[in-house]
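Here's a quick briefing to read alongside the model. Have the sequence and the 3D view open as you go.

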Amino acid sequence: PSAGRLRGKHVLVTAGPTHEPIDPVRYIANRSSGKQGFAIAGALAALGARVTLVAGPVTLPTPAGVDRVDVETARAMAAAVDSALPADAAVMVAAVADWRVSDAAGQKIKKEENSPALALVENPDILAGLAGSAQRPRLVVGFAAETEQVIEHAIAKRTRKGADWIVANDVSGDVMGGDANTIHLVTATGVESWEKLAKPDVARRLAERIADAL
Ligand code: C5P
């Protein structure tokens, strides 16, 4: 692998969770450390790509050579992705909250006799939106965290979302916040199962595959 394989290419990466406010002090979120997405952004930059990393709220250092845009909510992440286009490839690693509170309170909700009921509305699907957009990057890669029927779900997700590849992540063990991942790369032509790898090694292998494809 040569260092400049992605020179001149712009790659967009989303990573981390999103936080959806309930009121100014509370939120709902998905569980995500951001480690895998940040490692992918760093590995792409190491191959010479210009990388825009749209990051949800995480406490991780920005990888060398990466342009980082911090966001809180799914809607802000969708807007930041849109602003970063055009891109040659996009790798959507973020664990986006599927719902937001439809009418977040402007003031802290007080404890009363009755617990508040939260009305939820669906968030935009950033991956599906990008895959269907007029500015669709040539290579669109999604992630799928699954605990069962990992490959079957990823194959279905690839078609449903309009992605070129789905990186299926078997999270039945202790992957969440952990340091290793078991990956199946689902493409139009088949499924490639990788041995269990440390997250930086997953990132390097995926970055090389993206360089092959571009
Ligand atoms: O549907 P599911 O959340 O399992 O899909 C996961 C993939 O879709 C990931 O690539 C994730 O970043 C992306 N996604 C997204 N916007 C959403 C939900 C998921 O970009 N609202």
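**Surface patch**

W99, L118 and L120 make a nonpolar surface patch of about 300 Å². Patches here are built from residues with over 30% relative accessible area and no salt bridge, joining like charges within 9 Å and nonpolar side chains (Val, Leu, Ile, Met, Phe, Trp, Tyr) within 5 Å. Keep in mind that this is a predicted model: local features need pLDDT of at least 70, side-chain atom pairs count only at pLDDT 80 or more, and totals for chains, interfaces and linings use all residues. Residues are numbered from 1 along each chain as its sequence is written, and side-chain values use heavy atoms, leaving out hydrogens and water.

- L118 sits in the loop between β7 (99–101) and β8 (120–122).
- L118 counts as partly exposed, at 40% relative accessibility (buried is under 20% relative accessible area, exposed over 50%, partly exposed in between, with a 1.4 Å probe and protein chains only).

**Overall build**

- You'll find five helices and 14 strands in the protein (DSSP runs numbered from the N terminus: helices are H or I with at least four residues, strands are E with at least two).
- The radius of gyration is 18 Å, close to the 17 Å from the globule rule for 214 residues, so the protein is as compact as a globular protein of that length (taken over C-alpha atoms; the rule is 2.2 Å times the number of residues to the power 0.38).
- Along its principal axes, the C-alpha trace spans about 65 × 35 × 35 Å.
- Of the 214 residues, 47% are buried.

**Salt bridges**

- The structure has eleven salt bridges (a side-chain nitrogen of Lys or Arg within 4 Å of a carboxyl oxygen of Asp or Glu).
- K35 pairs with D179, with 3.1 Å between the closest N and O atoms. That pair links distant parts of the chain, 144 residues apart: K35 is in helix α1 (residues 35–46), and D179 is in the loop between β10 (165–170) and β11 (180–181).
- K161 and D125 also form a salt bridge, at 2.6 Å from N to O. K161 lies in helix α4 (residues 150–161) and D125 in the loop between β8 and α3 (126–131), so the pair ties together parts 36 residues apart in sequence.
- K161 is buried at 18% relative accessible area, while D125 is partly exposed at 35%.

**Around A3**

- A3 lies in the segment before β1 (10–15) and is exposed, at 53% relative accessible area.
- Leaving aside neighbours within four places in sequence, A3 is in contact with A46, L47 and G48 (heavy atoms within 4.5 Å).

Definitions and conventions. Accessible areas come from the Shrake-Rupley method with a 1.4 Å probe; for residues, only the protein chains shown count as cover.
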